[in-house]
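Have a look at the fold first.

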Amino acid sequence: MSSPSLAPPRRRHLGRTLALLAFAQLITALDFNIVFVALPEIGRDLGFSAHTLQWVTSAYAVTYGGFLLLGGRAADLLGRRRLFVVALLLYALSSLVGGLAENAGLLIAARAVQGLGGALLFPATLSLVNTLFAEGAERNRALAIWSGAGASGLCLGSLLGGLLTDAFGWEAVFYVNVPLAGGAALLAFAFIPADGARQRGRSFDLPGAVTATAGVTLLAFALIQGPESGWTSPVILASFALATALLAAFLAIEARSSDPLMPLRLLGNRSLSRAMAITLIFGATFSALPYFLTLYLKNMPLGKLLTRCSFSPV
């Protein structure tokens, strides 16, 4: 997609625009890991069990993944800057509620809204990078900076979460997002061009969005809750069955839709299919390690930890 023509003053602001978009991507990635170090304190204060505690991280990831397709379509139809601002405000509001939460249910709900904010923010920022920067070296450089900001957010999340938790308590890992996301939302009006006329002739594909989101959410619920409820419990078996039915319905809807949320022809692209398979394997393996290692290292007595980390004489 070619870059739209921008007035000279706007083009001179592209450096600041890219910095803002990269910062927004950093916020999205940051919230995956920032709660890890705070999890033991959150569990003790709000009464989470060992199994339900993972919903503090999973609620974010499930809603993020479930609404991502709808977020991309919303950015196209409602306007990229509009969605960018709305998503950041959702982040700020849900982070404030998360920091003020006094029970487990409210905190999980706040994390779910944060995930929704991420699902709206990620496609909006990526679309803005692709439309504001000219195809070629300029866009490639912008995508590299934007991607690097996301990777940095994943790395900084655990470090920043630990510093904030030790200095101010677990609530600080949520409060920090309020000025960051709120400030970025305000800067958007200065650094991101206003949206043009809304697109006509396209739909949200709500049946596809509902079935995909509900199917992914139920599948994640079954995988997360299975160890506690039992893999053969009626609730878990029903969740697996309903998730399978909903995802099958999603594929059927997309195959027949004139304006599909996810064109199935994309799955025929071998490069894309392989990249998706690699991402799935990475997410199911390495991405799960920070959660478990953080809890393991935080809960192990220091003397025992040092003993296990030391080398035994041969």
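Predicted model: local features only at pLDDT ≥ 70, side-chain atom pairs only at ≥ 80, totals over all residues.

Numbering starts from 1 along each chain as its sequence is written, and side-chain values use heavy atoms, with hydrogens and water left out.

H3 itself spans residues 39-46 and is mostly covered, with 6 of its 8 residues buried. Buried here means under 20% relative accessible area (1.4 Å probe, protein chains only). Those buried residues are Leu 39, Pro 40, Glu 41, Ile 42, Gly 43 and Leu 46. Helices are DSSP runs (H or I, at least four residues), and strands are too (E, at least two), numbered from the N terminus.

Next up, a helix pair. The axes of H5 (residues 68-78) and H6 (residues 80-100) come within 6 Å and cross at roughly 130 degrees. That makes H5 oblique to H6, oblique being whatever is left after under 35 degrees (roughly parallel), over 145 (roughly antiparallel) and 65 to 115 (roughly perpendicular). Axes are lines fitted to C-alpha atoms, for helices over the stretch in contact, with angles from 0 to 180 degrees between N-to-C directions. Contact means heavy atoms within 4.5 Å.

| Helix | Residues in the contact |
|---|---|
| H5 | Gly 71, Ala 74, Ala 75, Asp 76, Leu 78 |
| H6 | Arg 80, Arg 82, Leu 83 |

Zooming out, the protein has 15 helices and 0 strands, and buried residues make up 43% of its 314 residues.

Key. Buried < 20%, exposed > 50% of the residue type's maximum accessible area, 1.4 Å probe, protein only.
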